[in-house]
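I record here what I looked up in one structure, entry by entry. The overall picture comes before single residues.

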Amino acid sequence: MSEDSITGAGASVGTDAQVAFIGLGHMGGPMAANLVKAGYSVTGFDVVPAALEAAAAAGVVVAESSAAAADGADVIITMLPAGKHVFAAFEGEGPGGGLLAAAKPGALFLECSTISVEDARAAHWMVANSGHRGLDAPVSGGVMGAEAGTLTFMVGGSEEDFAAGMPLFEVMGKRIVLCGGPGAGQAAKVCNNMILGVSMIAVSEAFVLGEKLGLTHQALYDVAANASGQCWALTTNCPVPGPVAASPANRDYQPGFAGALMAKDLGLAVEALNATGVDAVLGRSAEEIYREFALEGGAGTDFSGIINTIRAASDGATSD
């Protein structure tokens with residue numbers, strides 16, 4: 001494939017494109033591994049040595065820096081903790097510069113981190129003004145979805161760039177939605193995770209109430225999963241062990257999707273609520289609940305572990 005066919009507007013990214021993957025943690029590592037399995041040449045970087053070791057074992061070529069990973073790359077994928085880390089990686093320090101300077105002219109940037117809508121728009125501006133193309137493309141589906149290649153991608157950017165990145169998205173995900181222009185992917189992620197946080201609290205409260213009323217977990221699940229209480233927080237990430245074998249509740253609440261990440265995402269939601277003036281009582285309450293959950297020991301456990309906080313506040317009485 002010629003350089004133009006890789007980097008030209010609207011051109012799909014073939015497997016002979018050079019891909020740089022920056023951020024090889026719990027989500028980025030499996031995503032990069034799936035690209036390797038699909039035949040892509042992937043060079044990656046992470047600041048955590050263990051993440052680099054795992055990526056190398058999966059066939060990712062490990063670089064000594066993010067800029068080195070992006071040197072001459074056609075596609076740069078970033079999966080980083082926050083907007084400040086994205087900006088730092090893009091701009092870099094010292095004479096070598098960062099990702100924007102290292103990438104091939106006209107490269108396609110897929111920014112998959114979960115950051116604020118405003119930061120996503122600023123990242124688009126940085127990419128465009130450096131002569132590249134960019135999409136904000138946060139994901140939903142957790143570690144299990146990253147490993148299985150079944151993530152949902154919420155994408156913001158142009159239709160042409162979306163079409164170019166589609167082959168990559170289809171390797172890493174199952175559902176890919178173009179939500180609108182720059183920042184729209186992050187906007188959809190913020191809204192989605194506000195729903196998720198609120199619904200997990202509601203499901204957890206219902207199970208604790210059921211325990212108090214003498215219902216077994218299975219009985220309540222069998223009713224709610226097939227009635228108007230049905231939702232992802234119940235049928236996929238059920239907060240009690242037993243009814244859903246794959247849920248983190250059966251693994252002592254090992255994430256999954258960590259409480260610290262839910263607290264972060266709900267913080268972004270509140271930031272957006274404040275910016276838009278939306279009166280969202282449940283969203284704000286969920287942010288307070290998960291912020292406290294993360295601070296009081298739940299940061300590294302699955303966010304469904306909020307049920308244990310609710311139990312503790314309900315005097316800890318249960319009826320299995």
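**Entry 1: The whole chain**

I began with burial: of the 320 residues of the protein, 52% count as buried. I took buried to mean under 20% relative accessible area, exposed over 50%, and partly exposed in between, with a 1.4 Å probe and protein chains only. This is a predicted model, in which local features need pLDDT of at least 70, side-chain atom pairs count only at pLDDT 80 or more, and totals for chains, interfaces and linings use all residues. Residues are numbered from 1 along each chain as its sequence is written, and side-chain values use heavy atoms, with hydrogens and water left out.

I then looked up the secondary structure and found 15 helices and 9 strands. Both are DSSP runs numbered from the N terminus: helices are H or I with at least four residues, strands are E with at least two.

For the overall dimensions, I noted that the C-alpha atoms fill a box of roughly 65 × 45 × 35 Å along the principal axes.

I looked up contacts next, meaning heavy atoms within 4.5 Å. Among contacts between residues at least 6 apart in sequence, 65% join residues at least 24 apart.

**Entry 2: Aromatic rings**

How many aromatic pairs are there? I found 6 aromatic pairs, where rings of Phe, Tyr and Trp (its six-membered ring) pair if their centres lie within 6.5 Å; planes under 30 degrees apart count as stacked, over 60 as edge-to-face and the rest as tilted.

One of these is the pair of Phe257 and Phe303, which is edge-to-face because the ring centres are 5.6 Å apart and the planes stand at 80 degrees. Phe257 lies in the loop between helix H12 (232–235) and helix H13 (259–276), and Phe303 in the loop between helix H14 (281–298) and helix H15 (306–313), so the pair ties together parts that are 46 residues apart in sequence. Phe257 and Phe303 are both buried.

I also examined Tyr290 and Phe293, whose ring centres are 5.9 Å apart with planes at 90 degrees, so this pair is edge-to-face as well. Both lie in helix H14, 3 residues apart, about one turn of the helix. Tyr290 and Phe293 are buried. I recorded that Phe257, Tyr290, Phe293 and Phe303 form one aromatic cluster.

**Entry 3: Phe303**

I returned to Phe303 and read a relative accessible area of 1%. Leaving aside neighbours within four places in sequence, its contacts include Leu196, Met200, Trp232 and Met262. Phe303 and Lys264 are 39 residues apart in sequence and 12 Å apart in space, C-alpha to C-alpha.

**Entry 4: Two further buried residues**

Is Gln186 buried or exposed? Gln186, which I located in helix H10 (residues 184–212), is buried, with a relative accessible area of 0%. Not counting residues up to four places away in sequence, Gln186 touches several residues, among them Glu111, Ser113, Asp136 and Pro138.

Ala70 lies in helix H4 (residues 66–70) and counts as buried at 0% relative accessibility. Which residues does Ala70 contact, leaving aside its neighbours within four places in sequence? I listed Ala20, Ile76, Leu99, Ala102 and Ala103. The C-alpha atoms of Ala70 and Ile22, 48 residues apart along the chain, are separated by 8.6 Å.
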